[in-house]
Amino acid sequence: MAEVLVYVDHVDGAVRKPTLELLTLARRLGDPVAVALGNGAANTAATLAEHGAVKVLTDEAAEYADYLVVPKVDALQAAVEVVSAAGSLAAVLVPSSAEAKEIAARLALRIGSGVITDAVDVEADDEGPVATQSVFAASYSTKTRVSKGTPVITVKPNSAPVEAAPAAGAVEALSVTFSAQATGTKVTGRTPRESTGRPELTEAAIVVSGGRGVNGSENFAIIEALADSLGAAVGASRAAVDAGWYPHTNQVGQTGKSVSPQLYIANGISGAIQHRAGMQTSKTIVAVNKDAEAPIFDLVDYGVVGDLFEVVPQLTEEIKTRKG
Amino acid sequence: MSLRIVVTVKYVPDATGDRHFAEDLTVDRDDVDGLLSELDEYAVEQALQIADEADDAEITVLTVGPEDAKDALRKALSMGADKAIHVEDDDLHGTDAVGTSLVLAKAIEKAGYDLVISGMASTDGTMGVLPALLAERLGVPQVTLLSEVSVADGVVKGRRDGDSASEQLEASLPAVVSVTDQSGEARYPSFKGIMAAKKKPVQSWDLEDLEIEADEVGLEGSWTKVDSATERPARTAGTIVKDEGEGGKQLAEFLVGQKFI
């Protein structure tokens, strides 16, 4: 059976959820072979094996953290060569994080393959994998395939379920020779983000967002309280971020994160195209806005026309009461 | 020695317009008004600021696209860039990101450069991989997705805000940089700038000028193929209630019904 390379996104050995979703998709195309790089790479093996990785190629060189992007491209290229030499390689799947997309593109160019980014589904077909993409602010859905080389496809979070599928997950050291470009861009400092204790925005099952109507950074406390009552991530519209009320890392929309949760709750957000581009594929959409004409109401499954300062706290209280 | 900055820009269909696909499944660029991709304005702005700091600098804006794409170049020139290069060729129709990176890289090399600055992504394709592809092709450092950037003594430094950490980056020139919409608001062209732009040189190159064969680009030369494009059905109209004092509770009822609570 053909093998599929899966690039592992992990933090010091803790595998992030989108990688497990990739394993689900990879199993449709062949036997998943995971590639884990950097500090803690070997510690990813147990989790990856539980979700279908037949092999885990690892390398813990310091270069992956000390220099930007290129060392990881070198490593994936080495993995492509190892797997291709031993058998047939059906595809390379990579999570759609900003960095992993850059890695995927450079890898594709090097190995002479086409690249597809931000797939929301990947299916097997006689002529190779077919990727579904959501384009033009999610107003169109396209099906695309790679017509040259080994398909390199980046996949957005929440595109597939995480499934248990125990496999061997045998750890093998990956031998990587770094290219001349590998040390070109030095990482001279790194400040980890402070954890809020809430789920990662792009991975969360529920996202609660605030926009212009929240009217001040101090008022985001009521958005956070609603989010916490549901175990949700907090998002913000560009208007709220530009006003300095909430960090850019939480921005949902074209220039921020694109999310596709089970439930999206938009509070005081009008629903400009900029914002819709980042949340339109959410399964269920709910909005609270005082303007009955706001375009966000065209998208909703349920909408409340009203003052969010009345509606949101009442909703939070009700959820807390019901959850006991 | 003058600092040669090349800013890559894209002419895109207006995102607020009714964007759709042409019969050959390429982006329809005729029926919707086009403009300079908003995210490229940030690249032009940072180029202008870096040029201000340098003793001597020259900013060239570069685009690949049909005749109308000149509008994007004019906008960048009116913001303050010095000159422009327009790569235009009928054989380019349908070129994918990998092909576009070939054309841009050849044009950048032909123009001569110390620093390439791009936006974080286009507002139509939104792939965000072009700067990385350019760095790969040019064989120079990639210093991308910067929210802060500065250049001094032949070194580019910047801050890259990632999901799990904020990183400080550093590389020697020549290099490829991309900047985010957090890098600083882009200036509006002044009346003087708009008038001056009309006199600034816009050079036109075709594939032959760049020694690129027609089969390396276009739909045929593309390494990806779009099989179908389907308009997403409009979301079915939901229930909308007016808050009469019980809006929060009604919303909670809905969420219970949907099993979210």
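User: Which residue follows H3(B), and is its phi positive or negative?
Analyst: Keep in mind that this is a predicted model. Gly112(B) follows H3(B). Its phi is positive, near 85 degrees.

User: How many residues does helix H3 of chain B have, and how far does it reach?
Analyst: H3 of chain B covers residues 97-111, which is 15 residues. From first C-alpha to last it reaches 21 Å, close to the 21 Å expected at 1.5 Å a residue.

User: How many residues of H3(B) are buried?
Analyst: 12 of the 15 are buried, so H3(B) is largely enclosed by the rest of the structure. Among them are Val98(B), Leu102(B), Lys106(B) and Ile108(B).

User: New topic. At what angle do H6 and H9 of chain A cross?
Analyst: Roughly 25 degrees, and their axes come within 9 Å. Angles under 35 degrees count as roughly parallel, so H6(A) is roughly parallel to H9(A). The crossing is left-handed.

User: Which residues make that contact?
Analyst: H6(A) gives Ile222(A), Ala225(A), Leu226(A), Ser229(A) and Leu230(A). H9(A) gives Val312(A), Pro313(A), Leu315(A), Thr316(A), Ile319(A) and Lys320(A). By class, that contact has eight nonpolar, two polar and one charged residues.

User: And between the chains, how many residues are in contact?
Analyst: 61 residues of chain B are in contact with 72 of chain A. Elements supplying at least two residues each on the chain B side include helix H4 (130-138), strand E7 (142-152) and helix H7 (247-257).

User: How does that side of chain B divide by class?
Analyst: Into 25 nonpolar, 21 polar and 15 charged residues.

Methods
Residues are numbered from 1 along each chain as its sequence is written. Chains are lettered from A and ligands numbered from 1 in the order in which they are written. This is a predicted model: local features need pLDDT of at least 70, side-chain atom pairs count only at pLDDT 80 or more; totals for chains, interfaces and linings use all residues. Helices (H or I, at least four residues) and strands (E, at least two) are DSSP runs, numbered from the N terminus. The expected span of a helix is 1.5 Å times one less than its number of residues. A residue is buried if 20 or more other C-beta atoms lie within 10 Å of its own, exposed if 12 or fewer, and partly exposed in between; C-beta atoms are placed from the backbone. Axes are lines fitted to C-alpha atoms, for helices over the stretch in contact, and angles run from 0 to 180 degrees between N-to-C directions. Angles under 35 degrees count as roughly parallel, over 145 as roughly antiparallel, 65 to 115 as roughly perpendicular and the rest as oblique. A crossing is left-handed if the near helix is turned anticlockwise from the far one by less than a right angle, and right-handed if clockwise. Two residues are in contact if their C-beta atoms, placed from the backbone, lie within 7 Å. Ala, Val, Leu, Ile, Met, Phe, Trp, Tyr, Cys and Pro count as nonpolar, Asp, Glu, Lys and Arg as charged, and the others, Gly among them, as polar.
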